[in-house]
Amino acid sequence: MAVPLGTGIPVRTPPLPGVTARAALTPAAAVQHRPVAGSVHSWDLSTGVDGPGTRFVTFLAGCPLACLYCHNPDTWKMRDGKRVLADAMVAEAAKYRAFIRTAGGGATLSGGEPLLQPVFAGELLHRFKHELGLHTALDTSGYLGARATDALLRDTDLVLLDIKSWRPGLYQRLTGRRLRPTLDFARRLARLDKEVWVRFVLVPGLTDDPANIEGVAAFAASLGNVTRVDVLPFHKLGASKWDRLGLDFTLRDTPTPTASQLATAREIFAGAGLMAV
């Protein structure tokens, strides 16, 4: 369960043991000449769904997409998050460092969309990696990939890239945004030889057309840096959040995919030479 931010995470923290305290360790942050802060929705410890091993997952607030099947619509607006210093998030992750490293895990930035706050995201990734020695992952739609600096990506060991559809029109319907920025970002990650796990949500009646899946599979296979594809079943666990926020959850009557439909999708990805789970 995600842990909401509030009194549980202090605004200021003492230096970590054995770590020289610095207000900002990344070049972009140093330009500001002040401690780096960002808008955070919550944090969580998870296993298996946000990168390898047990992960310290920070959910940043704010997202430029409005996906029809989003299960966290409460992360869409930055103003709904808590203003938190990077120092505080690093100190919180440090509490679990030994356990996470023993479990072969790391730290993941998710959201929302982390690249809506690139300076804060870059600071966290840098410090999780270099101060805590953790494997780092960035969970992103790729729509704001142009905001990711080369320095930020150097501090990212793995990108979890959501490719929601191969068809531009369907992508626009699903997210309210264009597909091309995501594909451009994927190609850039391939040029950098950055490891990528593709995430694909299977929604019956929308994304489950074999031709659509084949398009995503062929593109992912062409990149050369995609080591895994997560075929994620559409679910309605976030419906109550849509109701609470007064939003119209238009997929309320859409069924969840069957085991057979999931197996078929995974077979298409496997047929393109990709490991699909």
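This is a predicted model: local features need pLDDT of at least 70, side-chain atom pairs count only at pLDDT 80 or more; totals for chains, interfaces and linings use all residues.
User: Which residues is D150 in contact with, leaving aside its neighbours within four places in sequence, and what does contact mean?

Analyst: With those neighbours left aside, D150 is in contact with R188 and L192. Residues are numbered from 1 along each chain as its sequence is written, and side-chain values use heavy atoms, with hydrogens and water left out.

User: What makes the pair D150 and R188 a polar contact?

Analyst: Their side chains come to 2.8 Å. A polar contact is a pair of N or O atoms within 3.5 Å; within protein, one must be able to donate a hydrogen and the other to accept it, and residues adjacent in sequence count only if both atoms are side-chain atoms. The 2.8 Å pair is therefore a polar contact. As for L192, its C-alpha atom is 9.1 Å from that of D150, although the two are 42 residues apart along the chain.

User: Why is D150 called partly exposed?

Analyst: Its relative accessible area is 42%. Buried means under 20% relative accessible area, exposed means over 50%, and partly exposed is in between (1.4 Å probe, protein chains only). You can find D150 in helix α5, residues 150–154; helices (H or I, at least four residues) and strands (E, at least two) are DSSP runs, numbered from the N terminus.

User: What makes β2 and β3 paired strands?

Analyst: Two strands pair if DSSP finds at least two bridges between them. Seven bridges join β2 to β3 (residues 54–60), and the two run antiparallel. Seven meets the requirement, so they pair. They form a hairpin with six residues between them, and G48 in the turn has a positive phi of about 90°. β2 (residues 37–47) also pairs with β4 (residues 82–85), in the antiparallel sense over four bridges; there, A37 stands opposite L85.

User: How are T47 and T54 linked, and what is the distance?

Analyst: T54 in β3 is the bridge partner of T47. Their side chains also make a polar contact at 3.4 Å. T54 is buried because its relative accessible area is 10%.

User: Why is T58 called buried?

Analyst: T58 has a relative accessible area of 0%, so it is buried. It sits in strand β3. Apart from residues within four places in sequence, its contacts include W43, M89, L124 and F128.

User: Which residues have the most contacts inside the largest nonpolar core?

Analyst: L124, F128 and F269 do, in a core of 72 residues. A nonpolar core is a set of buried Ala, Val, Leu, Ile, Met, Phe, Trp, Tyr and Cys residues joined through side-chain atoms within 4.5 Å. L124 and F128 are among the buried residues of helix α4. With neighbours within four places in sequence left aside, F269 is in contact with residues including F200, I213 and V229.

User: How do you know that C63 is too far from C67 for a bond?

Analyst: A disulfide is a pair of cysteine sulfur atoms within 2.5 Å. The sulfur of C63 is 6.3 Å from that of C67, the closest cysteine sulfur, so the pair is too far apart for a bond. C70 is in no disulfide either: its nearest cysteine sulfur, that of C67, is 6.2 Å away. A search of the whole structure finds zero disulfides. C70 is buried, with a relative accessible area of 17%.

User: What does the side chain of R266 reach?

Analyst: It reaches the backbone oxygen of V277 at 3.0 Å. R266 belongs to helix α10 (residues 259–271). Its relative accessible area is 28%, so R266 is partly exposed.

Terms used: Contact means heavy atoms within 4.5 Å.
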